[in-house]
Amino acid sequence: MRYANQSVLMGVIAAVVFGACATTARVGAEKPGDMQGPLAPDRASRGLEDSALVAVVDSFTRAFAAADSFSGVVMLARDDDTLYSFANGFADRASGTRNGPNTRFNLASNDKYFTRIAIRQLQQAGKLTLADLVGTHLPDYPNARVRNEVTIKHLLDGRSGLRGFDSDDDRKYRANRMKLRSIDDYLALFATDSLHSTPGATYAYSNAGYVVLGKIIEAASGQSYYDYVRRHIFEPAGMASTGYYAVDEVVANMAVPYTTSAKAMGNFAAGAKLPERQSATPLLAYRGSSAGGGYSTAHDLLRLARAITSHRLLDAAHTDSLLGFSAQKPGYFEWDGWTGGSEGMNTVYYLHSTGHVIIVLSNYDPPSATVYRRMLWNEWFPKILGLKFPA
């Protein structure tokens with residue numbers, strides 16, 4: 001069953017979700033290879049609030065999946081307790097392979113979180129500061145304004161003035177996608193372009209900024225970006241199923257991205273849609289970058305969260321700097337993480353000041369994962385945990 005109107009779907013889901021608040025979600029899987037329900041907690045229950053949270057997440061997820069609006073994995077944890085794990089849909093329709101917590105999904109822009117960790121590690125090692133100009137590490141960068149006016153903090157905060165190379169000129173990016181095999185290849189797409197705003201002045205989402213950060217990581221570490229994150233993030237965190245795989249590389253447990261965007265068939269007209277989902281593989285770059293396109297699993301991302309909070313990747317001070325959690329006022333919560341989305345892929349990865357971790361990996365178009373972020377922040381945390389955003 002597929003809902004053509006998302007407002008109708010959300011109305012159905014809302015009725016299910018808020019009817020579930022007074023119930024306790026089931027434990028266990030329905031049957032082998034089918035949807036998985038809430039897991040028994042690793043340790044004693046953290047209380048009624050987590051039980052209620054699991055119940056609404058489960059009801060929402062089952063309704064969303066039943067409407068064929070979600071294909072992927074949802075995982076919810078709190079500190080060391082895994083509260084909920086759900087898998088639905090096919091990783092590969094042709095082979096009949098189903099999604100599961102060990103399926104590798106394209107993360108889209110969620111890779112930017114790896115880049116942020118790497119920058120903090122190099123800061124901790126004394127190899128850079130956030131106030132450094134781009135030219136300090138990349139003296140040959142072809143745009144003089146970027147060299148002399150843009151800082152690492154500008155790049156991290158989306159205030160560099162750099163354009164988002166694949167959104168402003170989609171055809172250029174797609175035409176060169178099979179040539180994109182290194183950070184330098186991505187830089188070549190935009191490095192000579194002019195800035196669209198004064199550095200530090202305004203926020204604008206920028207993939208280009210995170211490519212430049214990847215190049216700074218290479219310059220400061222003496223390693224390729226791909227080698228650096230593998231050795232300093234993936235390996236110490238135990239993320240054995242995470243990496244930057246080439247589009248023609250044969251890798252086990254890989255999710256095929258499925259999209260209704262007509263771009264998958266070469267039609268770049270704005271808003272053009274296909275009647276049925278098709279593979280979006282023809283739109284993928286040869287290899288991802290520090291701005292996006294790597295692969296990971298729900299289990300690996302949970303391992304990453306635990307490596308961060310146990311200070312295995314950064315010391316306590318730099319972990320606090322990464323997460324940005326301040327002294328909490330009663331009734332408020334904060335978060336750190338990223339979302340990613342493109343044709344046939346949508347991902348959510350957030351660590352919260354409450355100790356909760358939410359991971360949603362989907363091989364359908366947005367908002368198949370990002371809807372969870374909205375529900376968590378706008379509905380579930382305020383209504384179940386009694387928390388709200390900081391003022």
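User: Is Asp50 buried or exposed?
Analyst: Asp50 is buried, at a relative accessible area of 3%. Buried means under 20% relative accessible area, exposed over 50%, and partly exposed in between, with a 1.4 Å probe and protein chains only. This is a predicted model, in which local features need pLDDT of at least 70 and side-chain atom pairs count only at pLDDT 80 or more, while totals for chains, interfaces and linings use all residues. Residues are numbered from 1 along each chain as its sequence is written, and side-chain values use heavy atoms, with hydrogens and water left out.

User: Where does Asp50 sit, and what is it in contact with?
Analyst: Asp50 belongs to helix H2, residues 48-66. Helices (H or I, at least four residues) and strands (E, at least two) are DSSP runs, numbered from the N terminus. Apart from neighbours within four places in sequence, Asp50 is in contact with Arg78, Leu83 and His356. Contact means heavy atoms within 4.5 Å.

User: How many helices and strands are there in the protein?
Analyst: The protein has 14 helices and eleven strands. Of its 391 residues, 55% are buried.

User: What about the largest nonpolar core, which residues have the most contacts inside it?
Analyst: That core has 70 residues, and Tyr113, Phe114, Tyr141, Val212 and Leu304 have the most contacts inside it. A nonpolar core is a set of buried Ala, Val, Leu, Ile, Met, Phe, Trp, Tyr and Cys residues joined through side-chain atoms within 4.5 Å.

User: Which helix gives the most to this core?
Analyst: Helix H10, residues 207-221, gives the most, with eight residues. A second, separate core has 30 residues, including Val56, Tyr350, Ile358 and Ile384.

User: Back to Phe114: which residues does it touch?
Analyst: Phe114 lies in helix H3 and is buried, with a relative accessible area of 2%. Leaving out residues up to four places away in sequence, Phe114 touches Leu107, Tyr225, Ile233, Phe234, Met239, Thr242, Tyr244, Leu301 and Leu304. Phe114 and Ala291 are 177 residues apart in sequence, yet 9.3 Å apart in space, C-alpha to C-alpha.

User: At what angle do H3 and H12 pack?
Analyst: Helix H3 (residues 112-124) and helix H12 (residues 298-309) pack at about 25°, and their axes are 13 Å apart. Axes are lines fitted to C-alpha atoms, for helices over the stretch in contact, and angles run from 0 to 180 degrees between N-to-C directions. H3 and H12 are therefore roughly parallel to each other; angles under 35 degrees count as roughly parallel, over 145 as roughly antiparallel, 65 to 115 as roughly perpendicular and the rest as oblique.

User: Which residues of H3 and H12 meet?
Analyst: Tyr113, Phe114 and Ile117 in H3 meet Leu301, Leu304 and Ile308 in H12. The residues of this contact are six nonpolar, no polar and no charged. Ala, Val, Leu, Ile, Met, Phe, Trp, Tyr, Cys and Pro count as nonpolar, Asp, Glu, Lys and Arg as charged, and the others, Gly among them, as polar.

User: And what classes of residue make up the contact of H3 with H10?
Analyst: The contact of H3 with H10 has seven nonpolar, three polar and two charged residues. The axes of H3 and H10 come within 10 Å and cross at roughly 35°.

User: Changing topic, which peptide bond is cis?
Analyst: The bond from Pro366 to Pro367 is cis, with omega near 10°. Pro367 is in the loop between strand E11 (356-362) and helix H14 (370-385).
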